[in-house]
Every structure is written in structure tokens, then in C-alpha cells.
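Here is a short note to read beside the model. Keep the sequence and the structure open as you go.

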Amino acid sequence: MVTYNGIDGIFKKITSPQALRKAEKYGLKNPYILSVGQWRTHKNLLRLVDAFASIITETEWKGKIDLVFAGKVDPKFPQLIKRVKELGLKYSVHPVKSLPS
């Protein structure tokens, strides 16, 4: 048996004016990869940042995709923001500390 990758039809480009305004409020102008959850070491977020950095070095992705972290910042895990700065990703990685319900 083979299971192919697929994307459910509910995932589509945002076109509603209200949703676009919200995305703009958080500085999200490009399509993005979203990571939701508390910033903790065991969640391997540094690996995600490293992988994202390697993706956006490719011409087809540079400046065309962002990485968004939504969730509670753990003060015991300052390495995430440090790594983003080290890799020069501050314009492509968006930490969103809290979202309205």
C-alpha cells in the first residue's frame, strides 16, 4: 500500500479581506510555515530554524516564504531568537507571542 502526500481542500490561499488584515497586522506578507506551541528545547525548534535557513537559500524560495512561531515564549529557551539572529533571518522569521482566540 502506498499513501501519497496530499493537502486537504480546506487549505487554500487567504482571500478574505478580514484574514488579510490580520495577517498584515502580524507582518505576514508571504506564505508561511507555522509552528504552534510553547518554545521548549525538546520541540526541536532550533532544527526547524536551521532547516528553514537551508530552504530559503534556494533561489526559488528566497524572500517568498516565512516561518512563524506562535506560542508562549519560555524564558529558559533564549536560543531560538539567538539562532534566528545568527542566521540573518530576522525578516523571514516572525515570533507571535500570543494570538487572540
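**Notes on the predicted chain**

1. The accessible surface of the chain comes to about 8,100 Å². Carbon and sulfur atoms hold 56% of that surface. Such areas come from the Shrake-Rupley method with a 1.4 Å probe, and for residues only the protein chains shown count as cover.

2. This is a predicted model: local features need pLDDT of at least 70, side-chain atom pairs count only at pLDDT 80 or more, and totals for chains, interfaces and linings use all residues. Residues are numbered from 1 along each chain as its sequence is written, and side-chain values use heavy atoms, leaving out hydrogens and water.

3. The mean pLDDT (the predictor's confidence in each residue, from 0 to 100) is 85 for the chain. At least 70 is reached by 88% of the residues.

4. There are three helices and three strands. Their order from the N terminus is α-β-α-β-α-β. Both kinds are DSSP runs, numbered from the N terminus: helices are H or I with at least four residues, strands E with at least two.

5. The three strands form an open sheet in the order β1-β2-β3, with parallel pairing. β1 (32-36) and β3 (93-96) each have a single partner strand, so one side of each lacks a neighbour in the sheet. Strands pair if DSSP finds at least two bridges between them. Five bridges join β1 to β2 (residues 66-70). In this pair, Y32 stands opposite D66 of β2.

6. Of the 101 residues, 25% count as buried, meaning under 20% relative accessible area with a 1.4 Å probe, protein chains only.

Methods:
Buried < 20%, exposed > 50% of the residue type's maximum accessible area, 1.4 Å probe, protein only.
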